[in-house]
Amino acid sequence: MNWFLGIDAGSTYVKAVLIDETGFVKGRRVSATGFNAEDVASRLVEEICGEACIASCDICGIVATGYGRRRIGDAGNNVTEIKAHAMGALRNGDAENGRIRTIIDVGGQDLKVIILGDAGEIESFVMNDKCAAGTGRFLEHMARILDLSLSGMGKLALTSTSPCEINSTCVVFAESEVISLCASGKNLADIVSGIHYSLARRIARMARNASFKSGVLLTGGGALNPGLVKTLEDELMTDVHVPPYPQFNGALGAAFAALEAGQKTPLTGMS
Amino acid sequence: MIQGELSETMHQRHSEHLKRKIAANASRLLDAVRQSPVRPKGLDHFIDVLDNVYVSDDVRSHLGGKEETPAVIGLYCMMVPEELIYAAGFIPLRLCGGSYDAFLVGGDYAPRDACPVVKASLGSSLRGVPSVYGLCDVVIVPTTCDAKRKAAEELSRFSEVWVLEMPHVKDSEASREGWRCQLYGLAKELNNLGKRKGSKTKINRSNLKKAMELIGAASYQARRLFSLRKLSPPALSGMEASIALSAYGFDRADIWTREMKSLNDELENRQGERVSRCLQRRPRLLLAGSPSIFPNWKVPLIADEMGADIVVDESCVGDRLLYDVAGLSEKTLDSMIEALAARYLAPCVCPVFTPNDDRLYRLIELAGEFAIDGVIYHVLKGCIPYDFELYRVERIFRERKVPVLRIETDYTLEDVEPLRTRIEAFIEMLAGKEKK
Amino acid sequence: MKLSKLRWSVQSLAFVVLLFGGTAGIFLGFFLPTLSCPYVGYMRGGDCFLLNLQFHLALGGWNVYAGIIKNFLIFSLLVVLAGRFWCGWICPFGFIQDILNTLRVTLDVKSIAFYETVKKNFLPIKWFFLGLSITVPVWIAYPLCAPCMLYDLSMPFCQLCPARYILPLAAGNPEKVSLNFKSAATVVMTSLGLVIASAALVGSFLKKRFWCFLCPMGLLLSLYQKISFMRLKKDCAKCTMCEACYLACPMNIGEVFRERKNADVTYGDCIFCGKCIDACPENDALGFSFLGKTFFRSSADAFFRNHYRIDPGRPAARKKE
């Protein structure tokens with residue numbers, strides 16, 4: 001049995017996914033990046049191998065992706081996150097994948113929109129890595145101000161029936177708005193819902209700039225937030241699918257890249 | 001903001017500091033090219049010219065001493081006819097700035113959102129570093145884009161500036177007449193400058209014809225280089241071609257032409273041996289948009305590093321610089337000036353002109369001739385003309401299924417990593433398309 | 001300048017044949033689409049169609065008119081075959097104008113500015129000359145209700161045409177450069193003619209092919225533009241809009257360089273001199289074509305060789321490997 005590993009060395013979290021030669025996922029691990037992504041990655045590799053009861057030398061190929069991909073010594077090769085997310089999105093076993101044409105990745109510090117063609121190839125992409133608008137950082141910051149947990153925020157947003165208007169998408173200016181809303185005694189759920197709409201608006205704007213196509217897949221840590229999924233559907237006016245384990249999508253894609261390189265014949269991606 | 005003029009010693013110190021930084025940066029780039037094992041020998045002269053200008057700061061060693069060249073004229077943009085300058089017995093040099101460090105200096109004298117080329121030029125002019133800036137007796141600035149036009153006023157603090165009023169609408173009798181008048185005026189000013197400098201040369205039929213032949217020969221060699229990059233793989237890398245073309249701005253045209261001829265001959269000969277840098281076909285890119293002026297090679301370097309070849313650069317410091325050539329059908333003085341006026345105005349597809357459909361036709365033709373896989377559209381922050389044309393360029397390439405990557409950047413090194421990610425993803429995308 | 005050298009040779013040959021061919025027994029016909037003036041005398045090698053048109057129209061009679069139609073058909077055939085090639089390569093008066101232009105270049109005299117709007121203003125004059133050539137002779141032959149027209153005005157355009165004075169002079173016959181005192185009408189017409197001839201000479205010295213902007217023969221030939229077999233072709237993708245063809249064009253045709261889509265850029269004013277092709281620095285951007293077969297293409301190598309005396313030597317690597 002041949003094993004392949006993908007490592008997504010993000011700025012906030014390092015994710016690793018182990019697959020076998022048929023593409024079946026055997027293990028997933030995530031850990032905070034901290035200071036040294038390389039050490040964290042090595043530790044994750046060991047842990048994953050331990051769980052799967054295989055030796056790390058059994059792994060035929062390791063491919064890294066993400067911001068810190070070049071620093072992962074264990075990886076034989078690296079691919080950009082664009083490619084990794086595209087590969088991950090098409091191959092993660094979800095029945096909807098046959099119709100996916102747009103991938104929106106809401107990461108901790110960046111936001112990507114990837115447009116796919118009919119054969120699953122990358123047609124174009126747009127990235128925002130200049131500011132925190134549209135990224136997980138926006139929600140993290142707001143959670144801190146409102147003294148909520150990230151997971152709690154999403155659920156709370158869903159309960160709101162009349163979300164507040166938060167006009168800014170910039171984290172700094174939105175903070176002022178949120179504080180004034182709190183001071184004026186607005187319902188917490190409505191404020192949180194407004195925060196999610198602001199984030200969704202920013203993401204939707206970038207998706208529209210990229211001329212997104214319907215068949216939208218949301219990946220990255222942001223996809224774990226049910227509030228974001230709903231508000232994004234409202235803003236984009238189309239269904240948004242979330243794959244299982246969305247924050248591992250990049251690592252999964254990197255693992256498949258390793259698989260393809262190892263096999264020399266690429267898997268066809270559409271299920 | 002301007003804090004007040006610096007004292008003489010402080011100014012000296014700042015200039016020395018700037019000189020060291022510019023030399024260090026330029027040196028690094030030139031050494032990288034020197035060390036390439038497949039570098040053509042003929043490139044050495046051009047590397048030396050850039051070295052003289054930016055590193056050792058000794059431009060006279062290839063331009064000749066003061067006696068041989070009574071005046072040195074600094075030019076901005078590419079609309080100023082160099083033939084007139086050579087006919088008057090002077091040497092033209094191109095001063096559009098590419099240095100990050102000069103950009104930081106010049107940033108104090110220009111608005112925050114102004115184009116970095118102009119800021120770098122201002123910074124270099126203020127400090128007189130590289131010394132070519134201080135060497136120029138006169139600086140000619142055509143009224144191209146807003147930033148250049150307003151910078152002309154600032155530049156006049158450091159040297160004598162002649163403003164050349166260039167029409168922005170090319171195809172009208174009024175524009176043609178006006179532009180010809182400007183050139184006649186320029187010729188007169190050059191004659192006056194000559195008188196001031198004690199030179200007896202006046203622009204006449206005979207010396208203008210010689211000057212046109214000089215530039216025509218340079219254009220011929222530039223076209224040979226242009227053709228050699230159409231080959232697959234291209235006869236030399238984008239960086240190497242860039243060195244040769246950048247050196248033109250600081251070299252005498254006759255010497256440049258001679259060295260270019262040797263380089264072209266060498267490249268043609270070694271095509272027989274098929275010197276290639278890697279076995280796999282690298283994606284072929286068209287670099288469009290704002291010019292990447294040496295030493296601002298951020299985007300071309302990343303593209304090369306990430307595994308693609310820039311085979312054609314449509315900017316004014318790339319393949320557009322010497323491609324067009326004036327017709328010498330009729331050899332009267334007035335016809336020659338008319339021919340120069342047409343050559344420098346009509347085929348120029350800089351986005352300062354309106355309308356500029358010609359650029360779209362040119363890009364389509366280039367994409368076909370060079371078998372382009374993708375386009376990197378490089379926009380400098382504040383460069384409104386190029387940015388405005390992005391939409392139409394994207395549209396024409398979308399119709400032809402050629403991907404376009406828009407890169408917006410300026411003269412800082414802060415965004416190298418994000419640029420790398422984007423360019424690498426773009427090249428990955430192109431390589432993936434090719435496999436299918 | 002291969003194309004222009006060829007043209008000079010053909011023009012010189014045509015000049016000799018049309019002005020002196022008669023001495024060798026050559027006579028090409030009464031229907032030539034060019035200003036080959038019969039006033040040159042017995043030496044001439046062919047007749048300008050306009051003179052014969054006017055002369056026979058003034059005579060009247062159905063036989064004569066049938067003869068005109070026959071000549072007109074042959075004339076049309078010649079024009080359809082070669083278009084305004086007749087103007088650019090054969091016309092003896094065009095040859096004289098080209099010689100004057102070369103003289104101007106040698107003396108480094110500035111050419112006068114000639115805007116495209118001026119071209120438009122000259123058009124009525126061309127129509128006036130052509131109209132004169134047809135209406136006045138017919139009026140003489142068939143006065144109908146109008147007052148009788150003097151017979152001395154039977155060839156009105158010929159009295160005004162500069163070729164009628166200049167070509168005989170060029171053939172060594174200076175007596176034609178004079179006023180005709182036969183009647184008041186002829187005095188007036190020949191004085192006007194001498195003025196026009198002087199203006200044409202001075203104009204052609206200062207502006208390439210000045211008379212061609214006024215010539216009714218040229219106008220007549222330009223009416224066949226859409227159907228003639230000789231065409232000027234352009235490959236718009238190759239064009240870099242450098243305007244060199246516009247500057248070189250004696251007829252100031254700007255539409256050739258401006259054309260962005262159509263491959264056929266044959267215009268009524270174009271005299272097929274080929275100067276645009278010589279001036280073009282791109283490969284295959286411009287060329288003549290006859291019945292769809294293109295020849296005399298523009299070429300970058302030829303451009304550099306002719307304008308800048310740069311010999312390519314080894315062919316540059318133009319083709320993709």
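This is a predicted model: local features need pLDDT of at least 70, side-chain atom pairs count only at pLDDT 80 or more; totals for chains, interfaces and linings use all residues.
The size of an interface is often given as the accessible area lost when the parts come together. For chain C and chain B this buried area is about 3,900 Å², of which 50% lies on carbon and sulfur atoms. The contact involves 43 residues of chain C and 49 residues of chain B. Between these two chains there are 7 salt bridges, including one that joins D358(B) to R260(C), with the closest N and O atoms 3.5 Å apart, and there are also 15 residue pairs in polar contact. On the side of chain C that touches chain B, at least two residues are supplied by each of helix 5 (92-106), helix 11 (244-248), helix 12 (255-258) and helix 14 (300-308), and helix 14 of chain C gives the most, with 6 residues. The residues on this side of chain C comprise 21 nonpolar, 4 polar and 18 charged ones.

Over all chains, 38 aromatic pairs are found. One of them is formed by F93(C) and W211(C), whose rings are arranged edge-to-face, at 6.5 Å centre to centre and with 85° between the planes. This pair links distant parts of the chain, since F93(C) belongs to helix 5 of chain C while W211(C) lies in the loop between helix 9 (184-206) and helix 10 (216-222), 118 residues apart. F93(C) is buried, with a relative accessible area of 1%, and W211(C) is likewise buried, with a relative accessible area of 1%. Elsewhere in the listing of ring pairs, F85(C), W89(C), F272(C), F288(C), F295(C) and F296(C) are linked into a cluster.

In chain A, E140(A) forms a salt bridge with R137(A), the closest N and O atoms being 3.1 Å apart; the two residues are separated by about one helical turn, because they stand 3 residues apart in helix 3 (residues 136-146) of chain A. E140(A) is partly exposed, at 25% relative accessible area, as is R137(A), at 28%.

In chain B, the side chains of D51(B) and R34(B) meet in a salt bridge at 3.1 Å, N to O, and this pair links distant parts of the chain, D51(B) being in helix 2 (residues 44-55) and R34(B) in helix 1 (residues 8-35), 17 residues apart. D51(B) counts as buried, at 15% relative accessibility, whereas R34(B) is partly exposed, with a relative accessible area of 28%.

Notes:
Residues are numbered from 1 along each chain as its sequence is written. Chains are lettered from A and ligands numbered from 1 in the order in which they are written. Side-chain values use heavy atoms; hydrogens and water are left out. Contact means heavy atoms within 4.5 Å. Buried area is the accessible area (1.4 Å probe) that two parts lose on being put together, summed over both. A salt bridge is a side-chain nitrogen of Lys or Arg within 4 Å of a carboxyl oxygen of Asp or Glu. A polar contact is a pair of N or O atoms within 3.5 Å; within protein, one must be able to donate a hydrogen and the other to accept it, and residues adjacent in sequence count only if both atoms are side-chain atoms. Helices (H or I, at least four residues) and strands (E, at least two) are DSSP runs, numbered from the N terminus. Ala, Val, Leu, Ile, Met, Phe, Trp, Tyr, Cys and Pro count as nonpolar, Asp, Glu, Lys and Arg as charged, and the others, Gly among them, as polar. Rings of Phe, Tyr and Trp (its six-membered ring) pair if their centres lie within 6.5 Å; planes under 30 degrees apart count as stacked, over 60 as edge-to-face and the rest as tilted. Buried means under 20% relative accessible area, exposed over 50%, partly exposed in between (1.4 Å probe, protein chains only).
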